[in-house]
Amino acid sequence: MGSKWRKVKLALGMNLCVYGPRNHVADNDDDYDSLPPPPPSQRRSDAALLSPPCDWTSVPATPATASNRLRLSKSLSRSSSKKTCSICLASMRRGDGQAIFTAECSHSFHFQCIASNVKHGNQICPVCRAKWKEIPFQGPTDRARNNNDEFMTVLRRLPPPRSNSARNPAPTFQSPEPSIFNDDESLDRKIDSTNTTFSVKTPSDNLNHGRKVNIKTYTEVSTVVKSRKLDSFTVLLHLKAPASHSQTPRAPVDLVTVLDISGSMAGTKLALLKRAMGFVIQNLGPNDRLAVIAFSSTARRLFPLRRMSETGRQQALQAVNSLVANGGTNIAEGLRKGAKVMEDRREKNPVSSIILLSDGQDTYTITQNRPNYEMLLPLSVRPNESSTFKIPVHAFGFGGDHDASSMHSISEASGGTFSFIETEGIIQDAFAQCIGGLLSVVVKDLRLVIECVGPTVYIGSLKAGSYHNRVMPDRRTGSIDVGDLYADEERDFLVSVNVPVEETSILKVSCVYTDPVKKEFVKLEGEEVRIERNNDVAKISIEVDRQQNRIRAAEAMVTARALAENGDLAGAVSALESFRKVLSETASARSGDRLCASLEAEVKGMEERMASRHVYEASGRAYILSGLSSHSWQRATARGDSTDGSSLVQAYQTPSMVEMVTRSQASLLGSPSGQRLLRPMWSSFGSQPKPR
């Protein structure tokens, strides 16, 4: 035993890491079973506890020859046998064949993980942020070149050279970025059967009809008197995207996350962000690609657009866990690099999106006197007349100090949504809801076309929220650019037309879109909209009344926000109260409609956040803007402190969003049932659709 200890001490004295051979137990292990537990500094770190559980296979160390391996006794491996590497989240157990690096601050990591961390330019402890005098280094040697092995050692940090120059040298291990981001990983053209989504089947589901968009129309009343002329008659156009099927592959995604790591993100915020990103990485499939941009005073790309295979996920997680918070907030630079990744890529997946998270205000581009938020968004992701479908930026305002106006403007201009994360702990659920939708896109670039049938029928107006729409000069034809739809997602638009005397034929509706999986162009013709002419008592359509209430709610929010921004909080509250009074008297509200109940609860929450100027600045503005974003796009956003599907303010959640949020919440609980739910989303779905 003494000779073994001498070998270990010799290796440590040479600053070399020791390989623990797999499936080997040292002699006399029983002598060490009575050792006391490791001190608190060597137990699982807070960063590891905040990271999502997973069962990924650790990246194996390159095996050395048997003659060069050193045997580790149980006394050396006991303290690490129950620990988790805070970077890759895999356990550090004896006999795994992985070299372990223990820093001066007593925190331990897999050598390859921490060496990769250092390679990204971080030379402080990822857990306690202690500055190390000795840093791990991994590189080739002459023996390694011959035996396909690597040399692992520890380098002592040299004191900085004295210089009169004011220049700040770049980090020693920071790899330079290319000028063109065309180094994206090639796509796998073969769609893996594991890259499919699952949904609950209903008796009406079938592979032929279930893959098509469903178009329905409703008139505001069931019948009109024969001799009556109507100058403004409302027709509701209702679209519902197809559900995802168990045997149908889903469309893979190119996702770029642009993350704020400024000084204000230090501590719990950054730890929660890393955990949330770990959940995102874990639930992307092998055909999805991810790139991460981190920004503070400047921005840098952590790694190229990379497929989330087992290796890709491992490397992505290591890069994310290497992040350290410092510096200012340069949102514009972060978005510029995120857009550049999308613009320069050689190949494209069918679905593309950018996720932006920030907890502060841009201090480099925006001036407080006359802010121009459009300067934050690169031209390459903005829609224009020639191409209304660009890359949406889904923005997340983190905490009470972020600039809600700028984040909402960025998302609105790009076709994305704005979510307000008021309670820091729900950041993972908010991300889960977003990717739950992105991983279930079944319709691309949908355009809805409305044509008047009767010779004297004309379109008065289209109410389509934030969707780009147009009415031709002759007012006989109109269109709405709907864009992408998630599985089971619904859209409702109101068309106002005139109805001449005795006219019965009003409109004809059709749509065109692309199936992102089959890569087919689809054209659907809806049924002709007709009205009955008789003297019966007209029945009000609950469906039309419901959507009219939604539009009234959005208009009340816009009015209230304008009053609040001008300092009239009492007037803003009065405008919201007036809407709630009108809402309570409508036919749909009296019938117990869920959407109306949601609007009631949401508007009441806005009133509470206008109790004082301080409360409005801290949460009221962001809460209203996230609500406006949700209603204008008819898509779920995180608002306040909840993404729970049972919450009344979550009227637009799809089954895939609910499934992903449930998965996230189960992972946070860490229960055995939660562990079972933590299968990657690309392997299964199973959620009942929720009534609107």
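Author: Buried means under 20% relative accessible area, exposed means over 50%, and partly exposed lies in between, with a 1.4 Å probe and protein chains only. The model is predicted, so local features need pLDDT of at least 70 and side-chain atom pairs count only at pLDDT 80 or more, while totals for chains, interfaces and linings use all residues. Residues are numbered from 1 along each chain as its sequence is written, and side-chain values use heavy atoms, leaving out hydrogens and water.

Reader: Why is Leu-357 called buried?

Author: Leu-357 has a relative accessibility of 0%, and buried means under 20%, so Leu-357 counts as buried.

Reader: What makes the link between the side chains of Ser-588 and Asp-545 a polar contact?

Author: A polar contact is a pair of N or O atoms within 3.5 Å, where within protein one must be able to donate a hydrogen and the other to accept it, and residues adjacent in sequence count only if both atoms are side-chain atoms. The side chains of Ser-588 and Asp-545 make such a contact at 2.6 Å.

Reader: Why is the pair of Phe-101 and Phe-111 called edge-to-face?

Author: Rings of Phe, Tyr and Trp (its six-membered ring) pair if their centres lie within 6.5 Å, and planes under 30 degrees apart count as stacked, over 60 as edge-to-face and the rest as tilted. By this rule there are four aromatic pairs. The ring centres of Phe-101 and Phe-111 are 6.2 Å apart and their planes stand at 90°, so the pair is edge-to-face.
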